[in-house]
Amino acid sequence: MTATLATAETVVAQNVFFYLIAAVMVIAALRVVTTSNMVHAALYLVVVLAGVAAQFILLGAEFVGVTQVLVYIGAVIVLFLFGIMLTRAKVGAEDGLSHDNVVPAILTAVLLLLVMGFAVVDFAKAPWSDGTLVIDALDRAPTTVEQVSDSIFSTYIVAFEAISVLLLAALIGAIVVARKE
Amino acid sequence: MYLVQFLILSSVLFCIGVYGVLARRNAVLVLMSIELILNAVNINLIAFGAFNGAAIPAEVFALFIIAVAAAEVGVGLALVLTIYRNSKNIDLHQVDLLKG
């Protein structure tokens, strides 16, 4: 990808798609935490996770976006649907999925959002920044799988091995915990 | 694109996830809300990497977070299934054996 791609039109298109995807993601995420049908919650979670993958690709992180689709939409959602099925959730809408009084939860979330929003805006006004903090994803080539794998298998090889052992331990642990006696 | 718009998006997703963890009674739905939180953190990581020019380390650690999240869901759902098998429901109000 060359620098000539970063024209005003492509920057506008990037922003338009960012806000479109972000709006869909936020609405779907709100449905995940408010819907009264558990299967619908899992399906709305698919929308959120696909939106996250799209944001990764917008940011030039192609491999992470593809992994997000494979691991989350391919495996984690299936796990959730199995969990819903095995705990015999009702097929339709269901009562008692949320607490009777959600005001404390709303207060906590809104206060946390205020604090984090203030921190982000304040960070953007830091003396070392020019007040814009532009990400120029179009001015540089997207990272290739080759670069990511080179980094994983050289610099971060110890962390990678630790993650492998962790996954194995989690797999065995899950089988042992869920197994019938 | 600006860094701040990604940070705000991930803050909003994070707070929706926190709301879900606090407001839901069903254990599987709480696990789903935790997934929202983990994804919000991943957006943050990738956005900072793209902004900073350190895209590769950010992507590597995002992949590690995805792996840890997958492990977490596996163990979490196994625990939920065990709770279901022992008490026939996964309402977090009913799971109070340790309460004095």
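1. In chain B, residues 24 or more positions apart account for 47% of the contacts with a separation of 6 or more, a contact being a pair of residues whose C-beta atoms, placed from the backbone, lie within 7 Å. The corresponding share in chain A is 62%. The model is predicted, so local features need pLDDT of at least 70 and side-chain atom pairs count only at pLDDT 80 or more, while totals for chains, interfaces and linings use all residues. Residues are numbered from 1 along each chain as its sequence is written, and chains are lettered from A, with ligands numbered from 1, in the order in which they are written.

2. Chain B has 3 helices and 0 strands, where helices (H or I, at least four residues) and strands (E, at least two) are DSSP runs numbered from the N terminus. Its radius of gyration is 17 Å, well over the 13 Å that the globule rule gives for 100 residues, so chain B is more spread out than a compact globule; the radius is taken over C-alpha atoms, and the rule is 2.2 Å times the number of residues to the power 0.38. Along the principal axes, the C-alpha atoms of chain B fill a box of roughly 50 × 25 × 20 Å.

3. Chain A comes to 6 helices and 0 strands. With a radius of gyration of 21 Å, well over the 16 Å given by the globule rule for 181 residues, chain A is more spread out than a compact globule, and its C-alpha trace spans about 60 × 45 × 30 Å along the principal axes.

4. Buried residues make up 57% of the 100 residues in chain B and 24% of the 181 residues in chain A. A residue is buried if 20 or more other C-beta atoms, placed from the backbone, lie within 10 Å of its own, exposed if 12 or fewer do, and partly exposed in between.

5. Chain A is divided into domain 1 (1-94 + 132-141) and domain 2 (144-181), with bounds that come from an automatic or database domain assignment. The centres of these two domains, taken over C-alpha atoms, are separated by 23 Å.

6. At the interface, 71 residues of chain A are in contact with 59 residues of chain B. On the chain A side, H3(A) gives the most, with 12 residues. The residues of that side divide into 53 nonpolar, 18 polar and no charged, with Ala, Val, Leu, Ile, Met, Phe, Trp, Tyr, Cys and Pro counted as nonpolar, Asp, Glu, Lys and Arg as charged, and the others, Gly among them, as polar.

7. The largest nonpolar core holds 75 residues, of which A:Val32, A:Val48, B:Val28, B:Ile46 and B:Ala47 touch the most other members; such a core is a set of buried Ala, Val, Leu, Ile, Met, Phe, Trp, Tyr and Cys residues joined through C-beta atoms within 7 Å. H2(B) gives the most to this core, with 15 residues, and each of domain 1 and domain 2 of chain A contributes at least three.

8. Two residues of chain A illustrate contacts to both chains. Not counting residues up to four places away in sequence, A:Val32 touches A:Ala41, A:Tyr44, A:Leu45, A:Val48, B:Gly20, B:Met32 and B:Leu36. A:Met25, found in helix H1 of chain A, counts as buried because it has 26 C-beta neighbours inside 10 Å, and, with the sequence exclusion of up to four places, A:Met25 touches A:Val48, A:Gly51 and B:Leu13.
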